[in-house]
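Take a walk through this protein, one element at a time. Begin with a pair of strands, then widen the view.

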Amino acid sequence: MNLLPWRKLRQRNNKFASSLIKSVSNKAKGCMHSTIYICGADEAGRGPIAGPVVAAAVILDPNNPITGITDSKKISEKKRNALSIEIKEKALAWAIAQCDVAEIDELNILHASMLAMKRAIEALPVAAEQALIDGNRVPKLSIPAEAIIKGDLKEACIGAASILAKVERDRQMLEWHERYPHYNFAKHKAYGTVEHLAALKEHGPSPIHRRSFKPVRDVLEAHAAQKP
């Protein structure tokens with residue numbers, strides 16, 4: 001199994017927006033209203049030492065509310081999966097994109113995360129006019145963007161994006177577990193647990209391990225030093 005390019009991973013909701021995301025009143029112009037489509041964006045997979053970093057962008061529908069959205073790490077896997085389905089059904093628009101291991105190693109994980117979020121936002125079938133980004137940085141976008149620390153706890157659209165991104169990345173790691181079962185990706189999703197690091201030292205890096213991350217780099221250097 002090869003890592004899919006982000007374009008093939010991209011998912012799109014085919015609903016077209018008909019309701020207001022944010023109504024802005026301008027009293028100086030006779031209370032004229034305009035519609036601003038605001039998306040939330042978040043990523044999953046900055047910390048693991050293997051696999052892609054996955055991002056999602058979501059424009060929620062205020063006329064179709066979803067209960068229980070929050071930081072994806074705060075809820076159970078079962079709840080995340082259920083909310084992921086509901087978000088895709090009820091959101092005005094959503095998209096998922098990613099940066100694969102080669103891009104992470106070339107760009108570094110921060111820039112790869114920003115690029116993945118940029119790709120997700122630009123893939124939305126309903127063009128966002130403003131973006132709310134989880135964290136303290138924003139990707140380079142053609143629209144205004146605001147970074148919100150712990151945004152997945154504060155803004156529902158960011159929380160929704162965090163859920164879609166994590167569910168998609170976890171799904172991919174289950175597939176990689178089938179290919180490389182000795183690392184047990186299904187359990188730790190490629191985070192640097194004691195079990196994962198022990199398997200990495202025993203078996204060496206797989207093709208989806210991030211060579212730019214220190215635990216992987218250390219193992220590669222140790223193996224190279226043992227060669228005659």
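Strand β3 (residues 38-44) and strand β4 (residues 53-59) run antiparallel, joined by five bridges. Strands here are DSSP runs of E with at least two residues, helices are runs of H or I with at least four residues, and both are numbered from the N terminus. Within this pair, Gly40 has Val58 of β4 as its bridge partner.

This is a predicted model: local features need pLDDT of at least 70, side-chain atom pairs count only at pLDDT 80 or more, and totals for chains, interfaces and linings use all residues. Residues are numbered from 1 along each chain as its sequence is written, and side-chain values use heavy atoms, with hydrogens and water left out.

Now the whole sheet. Its five strands lie in the order β5-β4-β3-β6-β7, forming an open sheet with mixed pairing. Two strands count as paired if DSSP finds at least two bridges between them. At the edges are β5 (93-99) and β7, each of which pairs on one side only. On average, neighbouring strands of this sheet are turned by 20° against each other, direction ignored. The axes behind that angle are lines fitted to C-alpha atoms, for helices over the stretch in contact, and angles run from 0 to 180 degrees between N-to-C directions.

Next comes helix α6 (residues 156-179). From first C-alpha to last, its 24 residues reach 35 Å, close to the 34 Å expected at 1.5 Å a residue. The expected span is 1.5 Å times one less than the number of residues. Of those 24 residues, 18 are buried, so α6 is largely enclosed by the rest of the structure. Buried means under 20% relative accessible area, exposed over 50%, and partly exposed in between (1.4 Å probe, protein chains only).

Lys150 is not a glycine, yet its phi is positive, about 55°. Lys150 sits in the loop between β7 (145-148) and α5 (151-154). It counts as exposed because its relative accessibility is 54%. Lys189 also has a positive phi, near 55°. Lys189 lies in the loop between α7 (185-188) and α8 (194-203). It counts as buried because its relative accessibility is 13%.

Finally, confidence. The average pLDDT (the predictor's confidence in each residue, from 0 to 100) is 87, and 85% of the residues score at least 70.
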